[in-house]
Amino acid sequence: MTASISSVDDAARSDVIDDFLSASELENARKVFARLPFTLGHSTVEPHFDGPIMRGPGRTITEVDLSGLPPLFTTLWTAVLGHPLAPKAPANSIEFRCNWWQFPPGSGSDWHDDGGEARAVAFILYLHEEWNASWGGGLIASEWDMGRVAAFSADTPRPGSVGYAMTASRAPARYVVPVPNRLVLLKSPTPHRVEPVHPRAGDRTRNTITGFVRVREEQPLDG
């Protein structure tokens, strides 16, 4: 892990941690990824325009589940919940909702904010073996929260559209290249999109494990 989190202030909405996994951890994570079944589907954001997306199995994880899962999940749990962007809540009230994804050339994800369902922070870990910024697939994230962005969009042609709201608000945004073994954390709700993967990527896919940290309102009883 090469990035410091000490520079993240109270106003920050995202952070990037490079070289997140050790070499052996990354190799094992890629082996897990390679064994997964993927299903061809479409984006839930703009299914007619975001292109085909390969979706792996999803699952919800709590602290008690970690001992029976690959070490990757414990590493993610510890790093994400220890980060300044994470919610301050008891561990037994936290859930991770995780999914594995492959974005082939032509696929991306339009503007959305991942709000609702008590989501506190999202994370993305890039697992492909190589990448070039010219191949697209970058994450573009607003530096303003959705409430501030939406306040500018009442008079736009589509008031409910996050894309129109980003245009009307002129909100600054951060571009994150999907560098292999890079972890991105994003506070919810933050407007963001995934740039389509460019055809020049050839047969390469943008491979990720992504997830949300959710704070449950009802905590389980002890014993």
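Analyst: **A strand pair and its surroundings**

Strand E8 (residues 139–142) and strand E9 are joined by four bridges and run antiparallel. Strands (E, at least two residues) and helices (H or I, at least four) are DSSP runs, numbered from the N terminus. Two strands count as paired when DSSP finds at least two bridges between them. Ala141 has Arg174 as its bridge partner in E9.

The model is predicted: local features need pLDDT of at least 70, side-chain atom pairs count only at pLDDT 80 or more, and totals for chains, interfaces and linings use all residues. Residues are numbered from 1 along each chain as its sequence is written, and side-chain values use heavy atoms, with hydrogens and water left out.

Now the wider sheet. It is open, with four strands in the order E6-E11-E8-E9, and the pairing is antiparallel. Strand E6 (109–112) and strand E9 (173–176) are the edges; each has a single partner strand, so one side of each lacks a neighbour in the sheet. On average, neighbouring strands of this sheet are turned by 10° against each other, direction ignored. Helix H4 (residues 162–169) packs on the sheet and touches E6, E8 and E9. The direction of H4 makes about 60° with that of E6. Axes here are lines fitted to C-alpha atoms, for helices over the stretch in contact; angles run from 0 to 180 degrees between N-to-C directions. Contact means heavy atoms within 4.5 Å.

Arg170 sits in the loop between H4 and E9. Arg170 is not a glycine, yet its phi is positive, about 55°. Its relative accessibility is 70%, which counts as exposed. The cut-offs: buried is under 20% relative accessible area, exposed is over 50%, partly exposed is in between (1.4 Å probe, protein chains only). Pro189 is in the loop between E10 and strand E11 (192–194). The peptide bond joining Ser188 and Pro189 is cis, with omega about -5°.

Helix H1 (residues 23–35) has 13 residues. Its buried residues include Leu26, Ala29, Val32 and Phe33. These four lie on the same side of H1, because they cover an arc of only 120° around the axis. The arc is taken from the directions from the helix axis to the C-beta atoms. Ala23, Ala34 and Arg35 are exposed on the other side of H1. The buried residues of H1 pack against helix H2 (71–81), strand E5 (94–103) and strand E12 (206–215).

In H2, the buried residues include Leu72, Phe73, Trp77 and Val80. The buried residues of H2 pack against H1, and among their other partners are E5, strand E7 (119–126) and strand E10 (183–187). Pro70 is in the loop between E4 and H2. Pro70 is partly exposed, at 30% relative accessible area. Pro70 and Ala29 are 41 residues apart in sequence and 8.1 Å apart in space, C-alpha to C-alpha.

For the whole protein chain, there are four helices and twelve strands. Of its 223 residues, 47% count as buried. Among contacts with a separation of 6 or more, 82% come from residues 24 or more positions apart.

Key:
The expected span of a helix is 1.5 Å times one less than its number of residues.
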